[in-house]
Amino acid sequence: MTEWHFYEPHAGHRLPHDPLNAMVAPRPIGWISSVSAEGARNIAPYSFFNLLNYTPPLIGFSSMGWKDSVANIAATGEFVWNLATRELAGAMNATSATVGAEVDEFDLAGLETAPSRLVRPERVAASPVAFECRLTQLIRLTTREGRELDQWLVIGEAVGIHIATAMLEDGVYQTARARPILRGGGPADYFEIAEANLFHMRRPG
Ligand SMILES: Cc1cc2nc3c(=O)[nH]c(=O)nc-3n(C[C@H](O)[C@H](O)[C@H](O)COP(=O)(O)O)c2cc1C
C-alpha cells in the first residue's frame, strides 16, 4: 500500500525542503525582455510561466513582488518572450541578478540583441524563438479569502513570432532541436529537452 505524506500548505510542509516547485516541474522559462518608460532595457527569467491560449496566443508569467519587468510592462504594455536554451543557460541565469532598474541585464550577461518588429523591447539574438507581446491583463493575485498578495500575473498576446528556420524540418517546428531548458525544483535544478525523451500518444478520437 502506498504511504502518503499529506500537508495543508498554510500549516507547513514538514519536509526539509519545500517540494512545491519540484512537483510542478519542470516548468518552461519565461525569459522576458522589456523596457522602462524611459527606454532602459531589462531582461529576466520567470519560471511561473506558460502558454495560456492558442488563438490568440496568450502567454503569462507571475512575479513575486512588483519587479522591474512588471513595472516596465505596466508602463509600456509590451514585452518579448525569448526561448531559453542549453547554450544560453548561463546567460539566462546571469539575467536573474537582483540589480537596479537602471542596470541593463543584456550587457550584464553579455547578450547580443536583435530588434523586434512590432514592439520596443529587443530580443535575444541567439535565442531561436521569440514572441513579441502586448499586455492583455495584469492581475493582482489573491488568497482564497480575497486578501491581496504582492504577486502579479502578467498576460500578453503574442502579436509577432520569430522562429529561426533551422528549428523547422519540412515546416514542422522541432521542439528538442533548440535544446530548451526548463526549471526543476530546489535552488539549482534544471532539465534539458532531448529528442531521446520524445514519445507519441494521440488523443482518443
Ligand atoms: C530560472 C529562474 C526562474 C525564475 N522564476 C521567477 C518567477 O517565476 N517569478 C519571480 O518573481 N521571480 C523569478 N525568478 C527571479 C527573477 O528572475 C529575479 O528576481 C530577477 O531579478 C527579476 O528581474 P526584474 O526585476 O528585472 O524583473 C527566477 C529566476 C530564475 C533564475
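Because the model is predicted, local features are reported only at pLDDT of at least 70 and side-chain atom pairs only at pLDDT 80 or more, whereas totals for chains, interfaces and linings use all residues. Residues are numbered from 1 along each chain as its sequence is written, and side-chain values rest on heavy atoms, with hydrogens and water left out.

Helices (DSSP runs of H or I, at least four residues) and strands (DSSP runs of E, at least two residues) are numbered from the N terminus, and two strands are taken to pair if DSSP finds at least two bridges between them. On these terms, seven strands form an open sheet with antiparallel pairing, in the order β3-β2-β6-β9-β10-β5-β4. Strands β3 (41-46) and β4 (49-53) stand at the edges, and each has a single partner strand, so one side of each is left without a neighbour in the sheet. On average, neighbouring strands of this sheet are turned by 35 degrees against each other, direction ignored; the axes are lines fitted to C-alpha atoms, for helices over the stretch in contact, and angles run from 0 to 180 degrees between N-to-C directions. Helix α2 (residues 68-76) packs on the sheet and touches β2 (30-35), β3, β5 (58-64), β6, β9 and β10 (148-163), where contact means heavy atoms within 4.5 Å. The direction of α2 makes about 50 degrees with that of β2. Within the sheet, strand β6 (residues 78-82) and strand β9 (residues 129-142) run antiparallel and are joined by five bridges, and Trp81 stands opposite Phe131 in β9.

The ligand is surrounded by 18 residues, of which Pro45, Tyr46, Ser47, Met64 and Ser69 are the closest; a residue is counted here if one of its heavy atoms lies within 4 Å of the ligand. At least two residues of this shell come from each of β3, β5 and α2, and β3 gives the most, with four residues. The shell divides into seven nonpolar, seven polar and four charged residues, with Ala, Val, Leu, Ile, Met, Phe, Trp, Tyr, Cys and Pro counted as nonpolar, Asp, Glu, Lys and Arg as charged, and the others, Gly among them, as polar.

A second open sheet, of three strands, has the order β1-β13-β14 with antiparallel pairing. Its edge strands are β1 and β14 (190-192), each of which pairs on one side only. Two bridges join β1 to strand β13 (residues 181-183), and Pro28 stands opposite Leu182 in β13.

Some backbone features remain to be noted. Most residues other than glycine have a negative phi, and most peptide bonds are trans. The peptide bond from Ala25 to Pro26 is, however, cis, with omega near -5 degrees, and Pro26 is placed in the loop between α1 (20-23) and β1 (27-28). The bond from Thr55 to Pro56 is likewise cis, with omega near 0 degrees, and Pro56 lies in the loop between β4 and β5. Asp170, found in the loop between β11 (168-169) and β12 (172-173), has a positive phi of about 50 degrees although it is not a glycine.
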